[in-house]
Amino acid sequence: MSSIFQSVSLSAVLLASSFISLSSVAHQSEIESPLSSVRSGGKTTTKTTGANAFSQPASNLPMTDRLDFSVGNSFFRNPWIAAPSTTDARDGLGPLFNTNGCQNCHIKDGRGHPPETGDPHTVSLLLRLSVPAMTAEEKRQLIIDGNIPEPNYGGQLQDFAIPGSCRKEK
Ligand code: HEC
């Protein structure tokens, strides 16, 4: 029995000492975060945290190159439209497509997600299609491309089409 009490009191002591060390760490973090020196992206690491962390230019990008970043970023964020159009820098969507903007899948320059249960919104879900590799040529193609497009639907399921395209609606 006494050994149980000893071990219980020992763990209480350990617990208490870990509280002490935790609170001293917490106190230090108010002064200087232990993570402030961690730079997981090397010199490109930004100070921004949270949902917009990936939407920042690399922090070592020279100011003279920031305009290039903004232009590229706008192509990534803004919607594309079908050609021909007066906006000829952003046309060429379709005839089949998944969504009209890169960022609709690469959400905040990060990843997409499968739909939540009951959510019909499948935009950021990308489904690759492939038929089995039968010939030696197809087996090589599978290694290089990762898939062998399905003859009717192609290599990627695209559930939208621009008006007037040849897609047959059920
Ligand atoms: C329908 C969703 C979707 C859209 C729209 C989309 N992407 Fe992607 N993108 C993906 C997926 C999924 C991958 C990963 C593909 C894989 O690993 O096979 C990817 C991969 C990439 C990669 C490679 C990333 C890496 O780490 O290798 C780049 C670059 C990229 N996309 C840029 C773009 C750009 C630019 C646009 C707009 C012109 C765009 N994407 C639009 C879904 C999308």
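# Burial, helices and the ligand shell

Q: Where is aspartate 109 found?
A: Aspartate 109 is found in the loop between H3 and H4, where helices are DSSP runs of H or I with at least four residues, and strands are runs of E with at least two, numbered from the N terminus. The model is a predicted one, in which local features need pLDDT of at least 70, side-chain atom pairs count only at pLDDT 80 or more, and totals for chains, interfaces and linings use all residues. Residues are numbered from 1 along each chain as its sequence is written.

Q: Why is aspartate 109 called partly exposed?
A: Aspartate 109 has 15 other C-beta atoms within 10 Å, and a residue is buried at 20 or more, exposed at 12 or fewer and partly exposed in between, with C-beta atoms placed from the backbone; the count of 15 therefore makes it partly exposed.

Q: What makes the backbone of aspartate 109 and lysine 108 worth a look?
A: Phi of aspartate 109 is near 65°, a positive value in a residue other than glycine, and phi of lysine 108, likewise a residue other than glycine, is positive and near 50°. Lysine 108 is also in the loop between H3 and H4, and because it has 13 C-beta neighbours inside 10 Å, it counts as partly exposed.

Q: Why is H4 said to lie largely in the open?
A: Of the 10 residues of H4, the number buried is 0, so this helix lies largely in the open. H4 is followed by glycine 146, whose phi is positive, near 90°.

Q: How do you know that the span of H2 agrees with its number of residues?
A: The expected span is 1.5 Å times one less than the number of residues; the 12 residues of H2 should thus span 16 Å, and since its end C-alpha atoms are 16 Å apart, the two agree. H2 is hardly covered, as the count of buried residues among its 12 residues is 0.

Q: How does the shell around the ligand divide into nonpolar, polar and charged residues?
A: The shell holds 4 nonpolar, 5 polar and no charged residues, where Ala, Val, Leu, Ile, Met, Phe, Trp, Tyr, Cys and Pro count as nonpolar, Asp, Glu, Lys and Arg as charged, and the others, Gly among them, as polar. The residues surrounding the ligand include Phe76, Cys102 and His106, and helix H3 (residues 102-105) gives the most to this shell, with 3 residues.

Note on methods: Near = placed C-beta within 6 Å.
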